[in-house]
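Here is a colleague's note for someone opening this entry for the first time. Please keep the sequence and the 3D view side by side while reading.

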Amino acid sequence: MTVMLSNGVFADSSLMVFTESSPPYHYVENGKVIGEVTDKVRNIIARAGYTAEFKVFPWARAVLNTQRHNRALIFSIARTPERENQYQWIAPVTQFELGILALSARNDISISNWRDLTAYSVATQRGDIAEKWLKELGFKEGQNLIACADIVCSWEELKRGTVDFIIEDPRLVADTAELVGLKVTDVTMHQLIPELSVTAHLAASSTMPPAIVARLRRAANEIGYRP
């Protein structure tokens, strides 16, 4: 039985929370995980009466760590059909609008339909929904696709000219460009990808105890973060 302490926190209350670096939504500054979406997740956990340790990893590692722990959460994760039964979904926490991003100097890139993209090369994050979409288009790792550990790696490949484009959210461009020494004017968003417009969630491992999941969902609903 879980017991509530006088301060409103539950005994045996610690949770693990995994995410990737994606400023300004979630990233590390001065050793602490912060960001706009991180604040939402902290609010949900605190309202539910739990404490949490936040960890930032490359996306594929964050996913693996979540699957290994029965008291683990992950964000911001797209709720896709393939993932539906792999997690217990707590609440939506943000929206991603992804598009084709290239260096502004590359005025030779022309896209009339998505199949045209395979004439170019791309870097994306391993395990990300963009990687799956690109592979469905016909991109092949080792040929015209580089699977990176994180978004900064993808940006660095773009900056070096190793690839022709990456896939990014326009709202994240300014913050991420700065991390690799680029300015907003150095890159151009060519076209948004409707198939990659997704609502991203806070989700729990499939083995998290139902009582914890229920408290987190109720807390999210009370705050206003509804499925």
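The points below go from the whole chain to single residues.

1. The coordinates are a predicted model, and every remark below should be read with that in mind. The protein chain has 6 helices and 10 strands, and its C-alpha trace spans about 65 × 35 × 30 Å along the principal axes. For 227 residues a compact globule would have a radius of gyration near 17 Å, and the 19 Å found for this chain agrees with that.

2. Buried residues make up 48% of the 227 residues. Among contacts with a separation of 6 or more, 70% are between residues 24 or more positions apart. The accessible surface comes to about 10,900 Å², and carbon and sulfur atoms account for 48% of this surface. As for charge, the chain carries 24 positive and 26 negative charges, whose mean positions are 7 Å apart.

3. T19 is counted as buried because its relative accessible area is 0%, and its side chain reaches the backbone oxygen of F75 at 2.5 Å. Leaving aside neighbours within four places in sequence, T19 is in contact with H26, V33, K55, V56, F57, A62, F75 and S76.

4. The other threonine, T66, lies in helix α2, which covers residues 59-68. T66 is also assigned as buried, because its relative accessible area is 0%. Beyond the residues up to four places away in sequence, T66 touches F18, A72, L73, I74, Y87 and S205.

5. The bond from F75 to S76 is cis, with omega near -10°, and S76 is found in strand β5. The bond from P23 to P24 is cis too, with omega near 10°, and P24 is found in the loop between β1 and β2 (27-29).

6. N30 has a phi near 55°, a positive value in a residue other than glycine, and is found in the loop between β2 and β3 (32-34). Is N30 buried or exposed? N30 counts as exposed because its relative accessibility is 79%, which is over the 50% cut-off.

7. Finally, R226 is found in the segment after α6 (210-223), and it is classed as partly exposed because its relative accessible area is 48%. Not counting residues up to four places away in sequence, R226 touches P92 and N221, and its side chain makes a polar contact of 3.0 Å with the side chain of N221. The C-alpha atoms of R226 and A91 are separated by 5.6 Å, although these residues are 135 places apart along the chain.

Terms used: Residues numbered from 1 in each chain as written. Predicted model: local features only at pLDDT ≥ 70, side-chain atom pairs only at ≥ 80, totals over all residues. Heavy atoms only, no water. Helix = DSSP H or I, 4+ residues; strand = E, 2+ residues; numbered from the N terminus. Buried < 20%, exposed > 50% of the residue type's maximum accessible area, 1.4 Å probe, protein only. Contact = heavy atoms within 4.5 Å. Polar contact = N/O pair within 3.5 Å; in protein donor to acceptor, adjacent residues only side chain to side chain. Rg over C-alpha atoms; globule rule 2.2 N^0.38 Å. Areas by Shrake-Rupley, 256 points an atom, 1.4 Å probe, with all protein chains shown as cover. Lys, Arg positive; Asp, Glu negative; His and termini not counted. Charge placed at Lys NZ, Arg CZ, Asp CG, Glu CD.
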